[in-house]
Number of protein chains: 2
Amino acid sequence: MLTKSEVKYIQSLQQKKFRDELGLFVAEGPKLVRELLVSGHFKCQELFLTGEMKELTDPAFPDARIISPGEMERISGLQSPNGVLALFQKSASVEFNPAGKISLLLDDIQDPGNLGTIIRTADWFGIENIIASPATADCYNPKVVQSTMASLGRVNILYTDTEAWIRQYPHFPVFAASPKGSDIGSLNPPAEGILIIGNESKGIRDSLISRADQLLMIPGKGAAESLNAAVAAGILLFWLTGN
Amino acid sequence: MLTKSEVKYIQSLQQKKFRDELGLFVAEGPKLVRELLVSGHFKCQELFLTGEMKELTDPAFPDARIISPGEMERISGLQSPNGVLALFQKSASVEFNPAGKISLLLDDIQDPGNLGTIIRTADWFGIENIIASPATADCYNPKVVQSTMASLGRVNILYTDTEAWIRQYPHFPVFAASPKGSDIGSLNPPAEGILIIGNESKGIRDSLISRADQLLMIPGKGAAESLNAAVAAGILLFWLTGN
């Protein structure tokens, strides 16, 4: 049985304000929760299962609480709850040195789905670090968590003043995705650098664009005005990590 | 003033059943609607504007109806309606010959956001034709329409029995995105062919996989299990059209 205040407490984690206050986030679904448990990246605070999911109880977490499907519906943020919901402790994002690798810098990526897809794509290409502007969607937003497919536990995401952060590395190569840039088909991919991906409608702010050593353009043949931010990030990371 | 039955009629277009019956779909927002009007690809049946959008009335469509913000809210499918809503006539999808070009085949792409992004990406790379299995999301779903950013009017999308369709071209090159395929970094991109992109969770059905001349794998270095379907399509189209 869940108490009323427990239900309220878990529901509140759908909002950033309460995730920040409580230092917790929600993940749902047998596959995602199991992967996050196994990765060991986040400490699991509490695990809820409906009866039919009992066999999924992980030995790593013996204290799962069995709740009714009705209760699961109340605490779930999904349209169709799928029997498993866990509260994890947010991890502190860690400062890092960008030398010798490719890192991503997100300038106000607004859509949680896009952010989740970018994190998953970064993980695919072995990108270890993402720097995100404070106005970028929260990586612990439930939509982001669900769309990262557990990559959230494998990529370090640092929310910070991106302009100040990049000033720490005045001579480090910086690249920006831009339709006004050079065709990447005519360039050699660098082995290290920061790749900036801009906001879905506004693109990259001037102060960051002006810091870029090179603007990178994905060659297109059609009439579309731009690519989706996550697709552009995917193509550029494919190109950057292929060498 | 909108009558009750007009409101109901427009609202019904959020559902595929009524879009199919009426042969109409909804597009919203000044930018998207203007682009669709200008492209001339779809015949505009009716255009609704709230008062403050009056200056956007296109000379190509003098019969815009001015409605109140409250009325717009009732007929809009968006959380924040933005003053412009148009009903367009769906276009008939057209049979085509795949020779000499790259075409996409979508095997049950389920998520409207993914489908919209794939259509927009196809348009960016100059892909003219998409063949979609009947269970693929409806390209006139409002979420798809909004996320295609007017590319919907520039790409021909044919919903059909994909297995039967592909049997018409027994010797034509077919490629399938698959994590079990050959690293595309080690292959030369072909100049013509059908690229199959599979369902977000199930991948590509066996009968289509077995028809593929080559499975294509996007090289990854990280631990992510897979890429998002739209990101994978983007990377493969970049690779395929780069030659």
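The paragraphs below lead through a predicted model, beginning with the single chain and ending with the way its two copies meet.

Chain A is built from nine helices and 10 strands. Its radius of gyration is 20 Å, close to the 18 Å that the globule rule gives for 243 residues, so chain A is as compact as a globular protein of that length. Taken along the principal axes, the box filled by the C-alpha atoms of chain A comes to roughly 60 × 40 × 30 Å.

Within this chain, the domain assignment gives domain 1, covering 4-89, and domain 2, covering 102-241. The C-alpha centres of these two domains of chain A lie 30 Å apart, and the contact between them brings 14 residues of domain 1 of chain A together with 10 residues of domain 2 of chain A. On the side of domain 1 of chain A that touches domain 2 of chain A, at least two residues each are supplied by helix H2 (16-22), strand S1 (24-28) and helix H3 (30-39) of chain A. The residues of that side of domain 1 of chain A are, by class, six nonpolar, four polar and four charged.

Strand S1 of chain A leads on to the sheet, which is an open one of four strands with mixed pairing, in the order S1-S4-S2-S3 of chain A. Its edges are formed by S1 and by strand S3 (65-67) of chain A, each of which pairs on one side only, and from one strand to the next the twist averages 25°. In general, the strands of a sheet pair through backbone hydrogen bonds, in either a parallel or an antiparallel sense. Strand S2 (residues 44-50) of chain A and strand S4 (residues 84-89) of chain A run antiparallel and are joined by five bridges; within this region of the sheet, A:Phe48 has A:Leu85 in S4(A) as its bridge partner.

The contact between the chains takes 28 residues from chain A and 29 residues from chain B. On the side of chain A that touches chain B, the elements giving two or more residues are helix H5 (112-124) and helix H9 (229-241) of chain A, and the residues of this side divide into 11 nonpolar, 12 polar and five charged. Because 100% of the interface residues of chain A are also interface residues in chain B, the copies meet through the same surface.

Conventions. Residues are numbered from 1 along each chain as its sequence is written. Chains are lettered from A and ligands numbered from 1 in the order in which they are written. This is a predicted model: local features need pLDDT of at least 70, side-chain atom pairs count only at pLDDT 80 or more; totals for chains, interfaces and linings use all residues. Two residues are in contact if their C-beta atoms, placed from the backbone, lie within 7 Å. Domain bounds come from an automatic or database domain assignment. Ala, Val, Leu, Ile, Met, Phe, Trp, Tyr, Cys and Pro count as nonpolar, Asp, Glu, Lys and Arg as charged, and the others, Gly among them, as polar. Two strands pair if DSSP finds at least two bridges between them. Axes are lines fitted to C-alpha atoms, for helices over the stretch in contact, and angles run from 0 to 180 degrees between N-to-C directions. The radius of gyration is taken over C-alpha atoms; the globule rule is 2.2 Å times the number of residues to the power 0.38.
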